[in-house]
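Let's take a walk through this one, starting at the ligand and moving on to the charged pairs.

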Amino acid sequence: MMQMITLLGATGSIGVSTLDVIARHPDKYAIFALTAHSQVDKLAQQCLQFNPQYAVVSDAAAASRLQSLLRESGCSTEALWGVDALCQVASDSAVDTVMAAIVGAAGLVPTLTAVKAGKKILLANKEALVMAGGLFMQAVAASGSVLLPIDSEHNAIFQCLPAGYTDSNDSGVSKLLLSASGGPFRGQTLEQMRSVTPDQACAHPNWSMGRKISVDSATLMNKGLELIEACWLFAMPAQSVEVVVHPQSIIHSLVQYNDGSVLAQLGNPDMRTPIAHALAWPERIESGVADLDLFEIARLDFEKPDLDAFPCLAIASRAAQTGADAATILNAANEVAVQAFLDERIGFTQIAEVVEQTLNERALSEPESLEAVQEADNQARLHSSAIIKKLDK
Ligand code: NAD
Ligand code: MG
């Protein structure tokens, strides 16, 4: 059976890796829609190769440029724009599977729309789950949508859990061990990281990724977001998820059982493995990733995270335990602070300061609706922007 796919965030790092896997299996997968924010030329190229029915961008001007490019090259893809169009291509009855690979809060509404339409969801966009975990998981349960994690750690955990896992009580799972590479600044002190530049922060030792997640990996906020993501995906309390720094990024995460067994998933650090796993699940397909050579790797190291040097992990872990809309506020403040760092308006170590101050100063509430989540997100963005304005670099 041909699987019809909408790929949200096609021009990004995950988007490109997804198309690489799909191109290896033209007999199994076809593209219904590709979407991007503003990279019109790259999206047009992808349309020529995969011939989707629709291509969606963020604004009307980009859509009109895209449509001209597509016509000139004889491609029949129709260009659309805006959030409504994203939701339309994420929920169309012709679609089986939606890869959610937009970065940040912008991915929430289209991803949630796909969930409500009962699609199979391949979730890379962790921010959607962090900011609206309760609503998101309720929507998954209500629609019967199949939710498969793309984040390498969560995909690893999924692979190490028993089939049909619902929660830790019945399955003897005592702990999830979440792998972290430690990022480009592992071993440095907070003081040493004060003058780090955006390019240094984005130069990850093991993974090639978009700039936002690269900065999150450097501050370890990415691991904090992933801790919250793991709690929602696997119905685990935050206390039962432990971060293990493993610099080689070969073990992608582990599951500890109450009989003393620990199961791990290993592989080369290449996102095509979790993407291929989720696309084909419960079957397996070839991904293009080289075989793991344990003799060349020779050793695997483990250490505890340094929470003094990387306060973002501790802040996120506290937010996970606090509940209510703390994670929504954390995510919003982090997105604003990371953008300010990438724009060289604040220093690297000020990202944690902005997030912590925003969380300390905002009142928490229990978000009961998507509108309430969006309001908490908006208010936190305004709040952290105001904090950033007052900061001297
Ligand atoms: P990226 O920056 O490379 O790509 C982001 C994609 O989202 C692009 O296609 C861009 O056009 C689109 N986009 C950005 N802003 C948008 C907006 N406002 N509206 C609509 N589309 C928008 O990011 P990435 O590294 O591919 O990461 C994508 C998601 O996957 C993130 O949530 C990230 O945390 C997660 N993830 C990435 C990796 C990785 O290896 N790159 C690993 C695990 C999880
Ligand atoms: Mg990850």
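What follows looks at the ligand site and then at the salt bridges. Keep in mind that this is a predicted model.

Start with ligand 1. There are 22 residues around the ligand, and the ones that come nearest are Thr11, Ser13, His37, Glu127 and Gly210. For Ala124, a backbone N or O atom is 3.4 Å from an oxygen atom of the ligand. On its own ligand 1 would expose 830 Å², and the protein buries 86% of that. Helix 1 (13-23) and helix 6 (126-143) are the elements that give two or more residues to the shell. By type, the shell splits into 11 nonpolar, 8 polar and 3 charged residues. Domain 1 (3-149) and domain 2 (151-268 + 302-322) each supply at least three of the shell residues.

Now for the charges. Across the whole structure, a search turns up 21 salt bridges. One of them pairs Lys223 with Glu153, with the closest N and O atoms 2.8 Å apart. Lys223 belongs to helix 11 (residues 221-233) and Glu153 to helix 7 (residues 152-160), so this pair ties together parts 70 residues apart in sequence. Lys223 counts as buried at 6% relative accessibility, and Glu153 is buried too, at 8%.

Compare Arg211 and Asp199, whose salt bridge has its closest N and O atoms 3.3 Å apart. Here Arg211 is partly exposed at 41%, while Asp199 is exposed at 55%. Finally, salt bridges with shared partners link Lys126, Asp151, Glu153, Lys223 and Glu226 into one network.

Technical notes. Residues are numbered from 1 along each chain as its sequence is written. Chains are lettered from A and ligands numbered from 1 in the order in which they are written. This is a predicted model: local features need pLDDT of at least 70, side-chain atom pairs count only at pLDDT 80 or more; totals for chains, interfaces and linings use all residues. Side-chain values use heavy atoms; hydrogens and water are left out. A residue is near a molecule or strand if one of its heavy atoms lies within 4 Å of it. A polar contact is a pair of N or O atoms within 3.5 Å; within protein, one must be able to donate a hydrogen and the other to accept it, and residues adjacent in sequence count only if both atoms are side-chain atoms. Accessible areas come from the Shrake-Rupley method with a 1.4 Å probe; for residues, only the protein chains shown count as cover. Helices (H or I, at least four residues) and strands (E, at least two) are DSSP runs, numbered from the N terminus. Ala, Val, Leu, Ile, Met, Phe, Trp, Tyr, Cys and Pro count as nonpolar, Asp, Glu, Lys and Arg as charged, and the others, Gly among them, as polar. Domain bounds come from an automatic or database domain assignment. A salt bridge is a side-chain nitrogen of Lys or Arg within 4 Å of a carboxyl oxygen of Asp or Glu. Buried means under 20% relative accessible area, exposed over 50%, partly exposed in between (1.4 Å probe, protein chains only).
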